[in-house]
Amino acid sequence: MFRLFWVIAVAVIIAGATPGSIQAQTMLPGMGANSADAEAAPIPEEMTPDAINAMVARMSDDEVRDFLLQRLDSVAVAEGKKAENLSGLDRIANLWNALITPTTNAFKKLPVLLSTQVKAYKNFSEAYGGNNGVVKMLSLIAILLAVAFAVEYAVKKWLVRSKNPEITGSSEGLREAVVFLLKRFLREIFGLVVFYIVLRVIGRLVLSPQQIMFAAPFVSYLIWMPRLAGAFSRFLMAPHRADLRLVNVSDHWARFIHRHLVGIVLLGGVTFFLGNFNFANGILTGETLITFWLDSGVYIYIAYVFWFARDGLSEMMRGTDTDNTRFDEIVARAYPYFGIAVAASTWALVSTLAGLGQLEQIFKGAHYTTMFLLLITPVIDSGIRGLVKHLVPPMQGEGPIAEQAYYATKRSYVRTGRVIALGFILSLIARAWDFSLLGLLQDRGGIADNLFSFAMTAIVGYVAYEGVSLWINRRLAAEFTALGMSKEDADNEMGGGGGSRLSTVLPLALVSAQTTIIVIFGLLAIGNLGVDITPLLAGAGIAGLAIGFGAQKLVGDVVSGIFFLVDDAFRTGEYVEIDGTMGAVEKISIRSMQLRHHRGPVHTIPYGEIPKLTNYSRDWVIMKLKFTVPFDTDPNKVKKLFKKIGQEMLQDDLFKEDFLQPFKSQGVFDFDDVGMIVRGKFMAKPGKQFTIRKEIYNKVKAAFAENDIDFARREVRVALPKTEAVGKMSDAEKAALTAGAAAAAPQQQEQGPTKAPKGPD
């Protein structure tokens with residue numbers, strides 16, 4: 001009966017009813033105009049508590065429920081019609097009046113605040129048999145609490161199997177700390193469950209139903225809720241165990257936050273309990289607004305904690321990760337002020353709803369749930385960054401590209417976690433206000449529904465975007481390829497070996513996938529706002545057709561590039577030649593490729609302009625080296641020296657992995673005017689041939705010097721008929737001979753050595 005009494009009072013308040021506003025001719029549900037009961041029992045004009053009580057006494061529960069629904073529907077229709085006719089300024093004025101009305105009324109009720117509470121206690125005392133009955137009931141409740149606490153303590157002691165561990169700063173230590181804190185938290189929760197069960201079972205045996213009506217909210221709001229908050233806080237803050245603490249905060253601030261967190265929950269519990277107590281003892285919501293002051297005190301308490309603990313809260317938000325971005329630092333500094341703003345906004349929301357008469361969700365505590373979720377959102381963000389720091393896979397590969405991929409992967413994990421957490425929090429807030437998630441996603445009747453659908457679509461799209469980016473970036477890091485040439489390759493005559501096929505295709509696949517996701521989910525999100533996307537699709541089709549006709553060369557470049565990639569004609573980092581232009585493939589796009597020449601210039605070549613492509617870095621490279629030795633050199637001796645050098649280099653740790661075939665002699669290749677040309681060759685991995693060639697030159701030079709083999713040099717020889725004639729030559733003949741040799745030397749130098757014709761080696 002108390003609940004029906006309160007419901008009708010709320011209905012009267014929402015309807016804006018004042019004494020005399022409900023007409024006597026309003027009939028009760030189920031009573032016709034000719035009914036004798038209707039004539040005998042009209043609705044009282046003066047809606048005093050006694051009049052309401054008399055009216056309720058004549059009505060059944062079904063009649064009260066039907067009457068309440070009828071009144072609420074009529075009020076909603078009337079308010080909706082009024083709202084449709086209001087201008088923008090009138091709407092703002094109504095919201096402002098709704099915001100300040102509860103505060104104004106609360107000040108007006110201050111003179112009767114104490115007397116009204118005394119009245120509530122007198123009604124409570126009379127209902128429970130006077131002061132002696134109240135003392136007896138409170139004594140029984142205290143005994144029950146003591147028994148429940150004792151059983152809980154015994155159970156928790158029985159569950160404890162080990163002493164507190166010593167935790168190190170390693171990842172293994174973090175795992176041990178989380179496991180220990182989780183076990184302790186579960187023990188506390190299990191203890192609270194045991195406490196509740198014992199209290200409920202014994203309470204039903206000892207207390208009367210009337211006493212249980214008082215004890216149940218007393219235990220729930222003033223004992224259960226603060227203890228549950230303390231268990232969560234101890235899990236996160238570990239106020240007395242710095243080595244177990246999961247957040248980056250000092251002992252002082254950990255204890256301060258833990259202590260006041262429990263205090264805030266306790267004050268909120270007092271607010272709910274006192275409102276329930278007043279209602280149960282005949283004090284209507286409009287008679288005293290003490291719950292308004294207590295509720296406001298909760299927000300002031302929160303603002304106080306966030307203001308005085310702003311240094312500790314900012315440090316907690318920063319965490320211990322050294323890779324924090326500028327955004328992370330801004331969030332850490334702004335978090336205390338964000339908490340104050342959330343508390344103030346929640347107070348304004350509650351006051352406005354109360355001024356509008358929309359009290360149902362306030363009585364359910366939806367505003368507290370929303371405020372709590374908003375306040376812990378940055379804390380969840382800090383926790384996500386901490387988890388990513390310890391759970392992200394280690395860096396794969398070496399070098400700046402692998403390092404960049406590692407950090408990109410790390411940030412992608414963080415962003416994905418943030419978006420998922422945001423979507424989860426939004427869904428919890430919607431549920432707290434009794435919004436059906438399925439209905440919000442399907443209904444397009446209001447702006448709130450559309451905005452929620454837009455947000456959820458954007459969140460799903462972003463998760464897909466980050467998921468694709470994360471997978472491709474990890475594959476790129478695993479491929480361990482550098483975009484462009486290394487310093488060693490740049491010093492060589494041509495670039496080195498290229499990356500894998502995946503390392504070439506994946507960047508293009510990443511851009512294509514990201515663009516596709518953005519377009520698809522962008523259109524879906526716009527559609528969820530109520531915008532018809534059919535004209536957008538038609539316009540995009542027409543624009544695409546126009547671009548196709550006007551940019552045939554561009555389309556040809558794109559199609560040619562696709563076929564080049566399908567044919568695997570080149571990869572990033574490979575050294576290629578395109579119609580006389582040579583360089584390493586440094587970058588590829590949808591339309592063109594960039595070649596970096598080994599001397600520095602960058603050539604950009606559209607795919608459609610590639611008539612033929614020669615790849616110098618694919619699979620293997622054969623290099624042939626030529627050496628000119630005097631005619632009297634033994635070729636077999638040179639062959640043995642080349643074979644020995646090849647075997648030695650195969651044993652060298654610096655080169656043995658780069659050889660595919662060892663260095664060996666190919667015998668005498670040609671003769672010229674200086675001597676005979678001998679040739680050697682080897683097969684190596686692309687890009688490694690130049691380093692091997694340098695080492696072979698050094699070893700050949702050393703081997704020739706050790707075995708008295710000279711390299712042939714250009715010289716002018718004078719043939720004399722007889723050796724004895726040299727001694728009989730006059731000075732004039734010697735001078736003439738010297739002049740002739742001197743004149744022949746420049747001529748031989750200009751002609752150069754005789755070269756073999758070009759052709760395949």
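The accessible surface of the protein amounts to about 43,400 Å², and carbon and sulfur atoms contribute 62% of it; areas were computed by the Shrake-Rupley method with a 1.4 Å probe, and for residues only the protein chains shown count as cover. The model is predicted, so that local features require pLDDT of at least 70 and side-chain atom pairs count only at pLDDT 80 or more, whereas totals for chains, interfaces and linings use all residues. Residues are numbered from 1 along each chain as its sequence is written, and side-chain values use heavy atoms, with hydrogens and water left out.

The protein contains 26 helices and 8 strands, assigned as DSSP runs (helices, H or I, at least four residues; strands, E, at least two) and numbered from the N terminus. Of its 761 residues, 36% are buried, that is, under 20% relative accessible area, with exposed meaning over 50% and partly exposed in between (1.4 Å probe, protein chains only). Among contacts (heavy atoms within 4.5 Å) between residues at least 6 apart in sequence, 71% join residues at least 24 apart.

An open sheet is formed by 5 strands in the order 4-3-2-1-5, with antiparallel pairing. From one strand to the next, the twist averages 40°, with axes taken as lines fitted to C-alpha atoms (for helices over the stretch in contact) and angles running from 0 to 180 degrees between N-to-C directions. Strand 2 (residues 581-588) pairs with strand 3 (residues 592-596) in the antiparallel sense over 4 bridges, pairing being assigned if DSSP finds at least two bridges between two strands. Ala584 stands opposite Arg596 in strand 3.

Gln211, in helix 9 (residues 209-237), counts as buried because its relative accessibility is 14%. Its side chain reaches the backbone nitrogen of Ser208 at 3.0 Å. Beyond neighbours within four places in sequence, Gln211 is in contact with Tyr128, Met137, Leu140 and Val206.

Arg245 lies in the loop between helix 9 and helix 10 (251-280) and, at 11% relative accessibility, also counts as buried. A polar atom of the Arg245 side chain lies 3.0 Å from the backbone oxygen of Val249. With neighbours within four places in sequence left aside, the contacts of Arg245 include Leu236, Met237, Pro239 and Asp251. The C-alpha atoms of Arg245 and Leu181 are separated by 8.8 Å, although the two residues are 64 apart along the chain.

Conventions
Polar contact = N/O pair within 3.5 Å; in protein donor to acceptor, adjacent residues only side chain to side chain.
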